[in-house]
Amino acid sequence: MTGFIPSHRIATLSDLPAIVAIYNSTVASRQVTADTEPVSVESRHAWFHEHTPDRRPLWVIEQDGQILGWLSFSNFYGRPAYSGTAELSIYLHEEARGKGLGRYLLTEAIAFAPQIKLHTLLGFIFGHNTPSMNLFASFNFEIWANMPKVATLDGIERDLIIMGKRVA
């Protein structure tokens, strides 16, 4: 990735297998997702179609035809009064982690949020996911909720931290 200048684009349905592969690569770590088994591409079709460029985009970073990572804006709580709030999810290919792509995606998401009428961004992060906690904190996201021991992964109870930031 030397000399690579990141940019992103709207994901297409043909990107979904790569998006799912990156997501599934995080399942075994028990650090990023509450899924305990890999998901199928077919099971993510509805999720993919919920992400529309004008309201809740799904972005990918691509280099030389390979998807390196993705970011999604997702509805928070699904009620009209929360339409100005979105949850951000960032997932990176194993070889692309620690190279600034998460920072790039979060920078772009914060700048873009007002264009899709968002005033609040959230990150739902396991308390033991130090890299993600540090990334969001470096952008002045604050801990807005600590939900202790709400997830059980391999018999270990884990905290869910909700980090939030007002952007408009």
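**View 1. Thr26 sits in the loop between α1 (16-24) and α2 (45-50).** Helices (H or I, at least four residues) and strands (E, at least two) are DSSP runs, numbered from the N terminus. This is a predicted model, where local features need pLDDT of at least 70, side-chain atom pairs count only at pLDDT 80 or more, and totals for chains, interfaces and linings use all residues. Residues are numbered from 1 along each chain as its sequence is written, and side-chain values use heavy atoms, with hydrogens and water left out. Is Thr26 buried or exposed? Thr26 is buried, at a relative accessible area of 4%; the cut-offs are under 20% for buried, over 50% for exposed and partly exposed in between (1.4 Å probe, protein chains only). Setting aside residues up to four places away in sequence, Thr26 touches Val32, Thr33, Tyr91 and Arg97, with contact meaning heavy atoms within 4.5 Å.

**View 2. Val39 is another residue to look up in the loop between α1 and α2.** With a relative accessible area of 18%, Val39 is buried. Which residues does Val39 touch, not counting those up to four places away in sequence? They are Val20, Tyr23, Asn24 and Arg44.

**View 3. Helix α3 covers residues 101-112.** It's a 12-residue helix that reaches 16 Å from its first C-alpha to its last, close to the 16 Å expected at 1.5 Å a residue. That expected span is 1.5 Å times one less than the number of residues. The buried residues of α3 include Leu101, Gly102, Tyr104 and Leu105. Leu106, Ala109, Ile110 and Phe112 are buried in α3 too.

**View 4. Arg166 belongs to strand β7 (residues 156-166).** Arg166 counts as exposed, at 51% relative accessibility. Leaving aside neighbours within four places in sequence, Arg166 is in contact with His119, Thr120 and Trp144.

**View 5. Asn140 and Asp154 each have a positive phi without being glycine.** Most residues other than glycine have a negative phi. Asn140 has a phi of about 65° and lies in the loop between α4 (130-138) and β6 (142-153). Asn140 is exposed, with a relative accessible area of 57%. For Asp154, phi is about 55°, and the residue is in the loop between β6 and β7. At 58% relative accessibility, Asp154 counts as exposed.

**View 6. Zoomed back out, the chain has 4 helices and 7 strands.** In sequence order, the pattern is β-α-α-β-β-β-α-β-α-β-β. Of the 168 residues, 43% count as buried. The C-alpha trace spans about 40 × 40 × 35 Å along its principal axes. The radius of gyration is 15 Å, which agrees with the value near 15 Å for a compact globule of 168 residues; it's taken over C-alpha atoms, and the globule rule is 2.2 Å times the number of residues to the power 0.38. Among contacts between residues at least 6 apart in sequence, 63% join residues at least 24 apart.
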